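Q: I am new to this structure. Please show me how to read a few of its features.

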Amino acid sequence: MTILDPAGSAPGPSKAGRPAKPGRPLYGAQHRRSARAGGVMPAVAPLVAAHHAAYPAADEGELLRGYEVAERLHRGQLRKSGAPYITHPLAVALILAGMGMDTTTLVAALLHDTVEDTPYTLGEVRADFGEQVAVLVDGVTKLDGERWGERAEAETLRKIVLAAAADLRVLVIKLADRLHNLRTLGFRPAHKRAGYAKASQELLIPFAERLGIHMLKREMDDLAFAARDPEGHAATARAVTAALRGAGPAFGAALGLLRASLAAHRVPARVSIRPRHLYAVHQEREGQLAGLRPCDAARLLLLVDGDDQDCYIALGAVHAALHPIAGRVKDFIALPKFNMYRSLHTRVISPDGDLLDVIIRSQAMHPVAEYGIVAHIREAGTGAAAAGAVAGRRDLVWLSRLLAWESDAPSAAFLDSLRADLAAGDLAVFTPSGEVVALPAGATALDLAYALGSETGDLCIGALVNGRLAALSAELRSGNVVEILTEPGGAPSEDWLDFAVTARARVHIQRSLARRRAEEAAAGGRRRLVRALAGRRIDLLAAEARGDSLAVARDLGYGEVDEMYAALSAGSLALDDLLARFARA
């Protein structure tokens, strides 16, 4: 059996070793009792402790049973590091427990590779652990590489997105799985690390950002950076470490002024120095690390013990203490980012003349700023119904649209479209119904039309931006409320390509134009053939009705008659040859 785990493992028991019995519980009541009776095993104790920290009343029995089943099934399998394979699902579950995910999610994480890499079947998961766990395990189970070949990666991602549209916990498990595989990427051959890291940055890390799970994104970013550019990562790490050694003195005077001003404004808040992650520093500096200062390597985080209004008062207190830079205030409270992030950002001048970035948010905003959708899943409660309700949020419509947009696309095209969709996100614009749509910088109303669907894009004729009529070429800004105007007779034009920015819009415009050109060519070729056949007293319409035209087309190697007509119009098919064939038909 080929094991497809990215970090690798030695072969374990083959699924061919026993017949599948989907309805039979493999580990039923007997193991349920033993898991409770045996106490907490040392290996799983940290997981149980982390889960109890988030859910003090949680029953550890299911968690212990899930571990016991996974450990038995993976026994004998090894990671590339030489560690027992069970260390991987256990680490994934521990990551999720640290995020505060529920028992069902943790059990599914423990079992997430069993159906793929052991004789355990999905039916047995369902019988042993219930429908919810089975759905989550099925959602993250990769498709068989031997069966699907080069299409396996794309079709697995399509399957995950489909499952996540119904239950977002599927995608959260997959992200935790990828994080641990990135942590252990050093045990893979050097020539494979960069490709795996690149795929992570293009297809998985953007999902973490879209869902607002920044605590995962930051670490995944840095690990992928280390794999793709080891020297750049090491240089950035050295520069940031050196810069942060001077953070205390560099920020000290500013911190004193801020705390005094907050007290004067009667705003209870905690101010701390927040180091930036390495990849963010590398990107912002474009690899130029000479002279990196503490203010380049860290920002100030101000957590307000109050409501939204108190955050604005805190902003006033910050500007009263330190001179603000004009035009550098960003209000993500009134206009949240597309991934539900809410905070105030400002840039000020320190007493030493350094530019300091300050982030202000309330204690209630902080979990969402760090954990994104996971915080909302926790708020919604436990179970599939809660996760399903979260998945139906209007700021997550983009998730289901990812599949609706390219549901019938070939695997390679789906991957390309997915990369383009996930790369967008510098702007957050709103539809009149309140839906948040992420778009890249410079995007136009036309890009938004195609982001809302291919039919909307093809039929659009203009837009209302903040209630004012605007051309399709109008460039959008974050916070714009945009209504796309359409009419049944609308159609793409060649000049749209001059101002379409997103890959999605350009691809669909090009497809529509190519389809129209093919239809026009087919119509022109047919008209030419009608005239030529009429001179020989042959009725083309009657020949089409009898099937003679299709027979001639197939005989010439064309799948449809329109392809034959288009070839005639283009000159790649000789009229005399075609007339002779119709005369014999």
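A: Start with how elements are named: helices and strands are DSSP runs, numbered from the N terminus. The model is predicted.

Q: Where is E286 found?

A: E286 is in the loop between helix 16 and helix 17 (294-297). Its phi is near 55 degrees, a positive value in a residue other than glycine.

Q: Is E286 buried or exposed?

A: A residue counts as exposed when its relative accessible area is over 50%. E286 has 67%, so it is exposed.

Q: Which loop holds R266?

A: The loop between helix 15 (247-264) and strand 1 (269-275) holds R266. R266 is not a glycine, yet it has a positive phi of about 55 degrees. With a relative accessible area of 77%, R266 is exposed.

Q: How many aromatic pairs are there?

A: Two rings pair if their centres lie within 6.5 Å. By this rule there are 3 aromatic pairs. One of them joins F225 and Y279: the ring centres are 5.5 Å apart and the planes stand at 55 degrees, so the pair is tilted.

Q: Why does the pair of F225 and Y279 tie together parts that are apart in sequence?

A: F225 belongs to helix 13 (residues 214-228) and Y279 to helix 16 (residues 278-285), so the pair links parts that are 54 residues apart in sequence. Both F225 and Y279 are buried.

Q: What are the distance and angle between F332 and Y341?

A: Planes over 60 degrees apart count as edge-to-face. F332 and Y341 form such a pair, 6.0 Å centre to centre with 70 degrees between the planes. Buried means under 20% relative accessible area. F332, at 16%, is therefore buried, and Y341, at 6%, is buried too.

Q: Which ring does the charged end of R79 sit over?

A: The charged end of R79 sits over the ring of Y85, 5.8 Å from the ring centre. Another case is R378, which lies over the face of Y55 at 6.0 Å from the ring centre.

Q: Which residues lie on each side of strand 8?

A: In a regular strand, side chains alternate between the two faces of the sheet. In strand 8 (residues 436-439), V436 and A438 are on one side and V437 and L439 on the other. These residues are all buried, and both faces of strand 8 are covered.

Terms used: Residues numbered from 1 in each chain as written. Predicted model: local features only at pLDDT ≥ 70, side-chain atom pairs only at ≥ 80, totals over all residues. Heavy atoms only, no water. Phe/Tyr/Trp six-rings, centres within 6.5 Å; stacked < 30°, edge-to-face > 60°. Helix = DSSP H or I, 4+ residues; strand = E, 2+ residues; numbered from the N terminus. Buried < 20%, exposed > 50% of the residue type's maximum accessible area, 1.4 Å probe, protein only. Lys NZ or Arg CZ within 6 Å of the ring centre and 35° of its normal.
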